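Please read the points below with the structure at hand.

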Amino acid sequence: MLKYIFCSFVITLYINQSMKKYISDFIVKTNERLHANYCLLKLKPQEGKLPEILPGQFCQVEIKNSKNTFLRRPISVNYVDYDNDLLWLLVRKAGEGTSALMDIKEGDILNLVYPMGNGFSVPADKGKRLLLIGGGVGVAPLLYFGEVLKKAGVEVNFLLGARSKNDLLELDEFYKRGNVYLSTEDGSEGEKGFVTTHSVLKEKWDSISCCGPMPMMKAVAKYAVENGVDCEVSLENVMACGVGACLCCVEDTADHGNVCVCKEGPVFNINRLKW
Amino acid sequence: MVDLSVNIGNLKLKNPVLTASGTFGYGEEYADFVDLNRLGGFIVKGTTLNHREGNPYPRMVETPSGMLNAVGLQNKGVDYFINEIYPRIKDVDSQVIVNVSGACIEDYVQVCEKLAPLEKIEAVEINISCPNVKQGGMAFGTTCAGAESVTKAIREAYGKTMIVKLSPNVTDITEIARAVETAGADAVSLTNTFLGMAINVDTQRPYLSTITGGLSGACIRPIAVRMVWQVANAVKIPVVGLGGIMNGRDAVEFMLAGATAVQVGTANFVDPAVTVKIVDYIEDYMKRHGIESAKDLIGAMKK
Ligand SMILES: Cc1cc2nc3c(=O)[nH]c(=O)nc-3n(C[C@H](O)[C@H](O)[C@H](O)COP(=O)(O)OP(=O)(O)OC[C@H]3O[C@@H](n4cnc5c(N)ncnc54)[C@H](O)[C@@H]3O)c2cc1C
Ligand SMILES: Cc1cc2nc3c(=O)[nH]c(=O)nc-3n(C[C@H](O)[C@H](O)[C@H](O)COP(=O)(O)O)c2cc1C
Ligand code: FES
């Protein structure tokens with residue numbers, strides 16, 4: 001216990017002191033449409049190289065070509081390609097801001113404030129059995145997390161769920177980094193049903209990292225509690241500043257009441273949440 | 001060389017650009033993006049006597065050219081500010097002003113008394129205009145008697161610069177401004193957010209947990225400019241102008257209307273470095289217009 005407190009103290013210090021945030025212009029290198037409602041943007045910093053980014057962190061994206069919105073939109077870091085200095089963002093069309101983001105052209109400039117928030121925990125013990133569960137566009141941060149885990153020598157297992165086959169994104173990339181289990185609500189790919197009804201959950205897992213729609217994350221959290229599995233989820237509360245200044249994005253926690261998802265999250269261990 | 005400095009009562013600002021309470025945290029949150037020493041000052045989060053959890057989530061929704069918030073003054077209380085935050089920010093080379101809120105007059109007075117000994121804090125901004133708390137808050141700011149009584153009580157207990165932040169949610173803001181001037185305020189700041197509301201027609205539910213909230217951002221600017229102009233003509237004490245300032249031009253507009261200094265709020269969310277850009281713009285504007293002192297910009301609108 002003491003050791004745990006000490007570790008989390010060190011990690012907190014590490015995050016607060018070393019994770020400098022930047023406001024940077026990026027050039028859109030490619031904008032690839034993945035089916036009708038998703039796009040994958042690959043961005044290159046206009047100047048300099050990408051800084052260290054933790055898996056699970058996000059960017060506050062300025063969307064200049066959106067007529068009726070002005071606030072930045074939080075979008076997870078989907079992947080960091082340090083070899084080519086490319087930052088990947090996976091975007092789902094939700095409303096005006098994300099629609100405009102989908103229409104952005106190669107060569108356009110996108111301004112990001114990044115990297116924001118904390119990240120998923122990388123286990124110190126490589127023997128641990130880890131399951132990364134993603135739903136819909138919530139798979140976004142898991143790709144980079146999978147890559148980091150793979151590089152750290154941890155066995156990576158993805159359980160990816162979606163409404164139907166067309167909503168399963170970047171599968172080829174996930175297959176490169178670990179074992180992939182699929183579920184769709186209509187049964188068009190993988191097992192039919194929800195991620196929580198997938199047979200792979202009958203196996204013994206040490207910890208789960210999850211990102212997806214709220215009902216899915218709550219169902220996964222319930223599974224984790226019932227089966228004594230450690231579990232982290234990435235929340236998507238509505239944000240304004242993204243830096244912990246406005247207190248708009250709060251989540252009620254068991255230990256500290258309302259805390260900022262943008263700063264103390266977006267990743268939370270479920271034992272902190274009042275779900 | 002142009003002189004950017006302005007004074008609010010005894011408070012000297014190296015330039016007229018301040019940040020608006022509740023939008024800039026304790027300054028530290030923006031230290032990666034702006035050199036805090038370059039600001040006229042920053043106004044920290046609304047501070048109350050005791051810890052406040054604020055309102056439940058959701059607390060924010062974007063609206064056309066603006067946003068509604070219902071934070072509800074979440075903060076850890078004045079003692080936490082004094083013990084934990086103050087030591088970290090006290091060495092900054094710009095003014096730090098604490099925004100003070102309370103549920104009753106005694107709360108306001110006690111918070112100000114606790115802040116008074118802090119050397120770095122040369123001024124408080126009294127929030128009598130928060131639309132997001134049930135008790136107190138805006139209630140003091142919407143009647144002359146309420147505004148006067150809270151100002152008077154603080155004046156008796158607090159000797160440093162007192163800025164009273166006015167609510168725009170009143171019929172005649174000049175009446176309230178005159179009442180707080182008479183009661184001993186050194187300056188007024190306006191405006192706080194406008195009471196507003198938005199409903200999600202898909203779910204048929206309000207966007208905010210509190211149903212109504214405070215509207216800020218570019219959409220309120222013309223109303224705020226009008227109010228600043230009216231108040232500047234109605235009182236002798238300095239007026240600090242804010243409400244929808246998104247860039248340097250907007251800041252100059254408020255000064256032309258009669259503001260001695262300006263505050264930048266919602267714009268920080270769009271461009272975390274906007275405040276220093278506004279300082280640069282004002283300096284450049286003065287050079288281009290042959291204005292030597294920022295004081296000469298105050299109320300310089302031509303009729
Ligand atoms: C930390 C974080 C990481 C994210 N990562 C990604 C990502 O990688 N890819 C991606 O596509 N999206 C991601 N999102 C969600 C994305 O930010 C929202 O979809 C986006 O802000 C919606 O903006 P819009 O202008 O398109 O829609 P709006 O017009 O603002 O909203 C459309 C509808 O969605 C609802 N809505 C908007 N934002 C949210 C929210 N945060 N939570 C719940 N409902 C909301 C609105 O109430 C409205 O009904 C992330 C969000 C957070 C907080
Ligand atoms: C998220 C948020 C929190 C705020 N909190 C406070 C507060 O604690 N005290 C206060 O006096 N004003 C508060 N305000 C009001 C601002 O200080 C400012 O008066 C208002 O936003 C108008 O300026 P703007 O349009 O530049 O944002 C808050 C505003 C926002 C958007
Ligand atoms: S979005 Fe402003 S505090 Fe999190």
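The points below treat the basis of the model, the contact between chains, and the surroundings of the ligand.

1. Basis. This is a predicted model, in which local features need pLDDT of at least 70 and side-chain atom pairs count only at pLDDT 80 or more, while totals for chains, interfaces and linings use all residues. Residues are numbered from 1 along each chain as its sequence is written, chains are lettered from A and ligands numbered from 1 in the order in which they are written, and side-chain values use heavy atoms, with hydrogens and water left out.

2. Extent of the interface. Chain A brings 30 residues to the contact and chain B brings 29 residues, where contact means heavy atoms within 4.5 Å. The area buried between chain A and chain B is about 2,400 Å², and carbon and sulfur atoms give 59% of this; buried area is the accessible area (1.4 Å probe) that two parts lose on being put together, summed over both.

3. The rule finds one salt bridge across the interface of chain A and chain B, a term for a side-chain nitrogen of Lys or Arg within 4 Å of a carboxyl oxygen of Asp or Glu. This salt bridge joins the side chains of R73(A) and E62(B) at 2.8 Å, N to O. Ten residue pairs, both at pLDDT 80 or more, are in polar contact across the interface of chain A and chain B; a polar contact is a pair of N or O atoms within 3.5 Å, and within protein one must be able to donate a hydrogen and the other to accept it, with residues adjacent in sequence counting only if both atoms are side-chain atoms.

4. The chain A side. On the side of chain A that touches chain B, β1 (22–34) and β15 (257–260) of chain A each supply at least two residues. Strands are DSSP runs (E, at least two residues) and helices likewise (H or I, at least four), numbered from the N terminus.

5. Ligand 1. The site is shared between chains, because residues from chains A and B surround ligand 1. Of the 23 residues around ligand 1, the closest are P74(A), R92(A), G97(A), T98(A) and E236(A); a residue counts if one of its heavy atoms lies within 4 Å.

6. Atoms facing the ligand. A backbone N or O atom of R92(A) lies 2.7 Å from an oxygen atom of ligand 1, and a polar side-chain atom of S76(A) lies 3.0 Å from a nitrogen atom of ligand 1. β4(A) gives the most to the shell around ligand 1, namely four residues.
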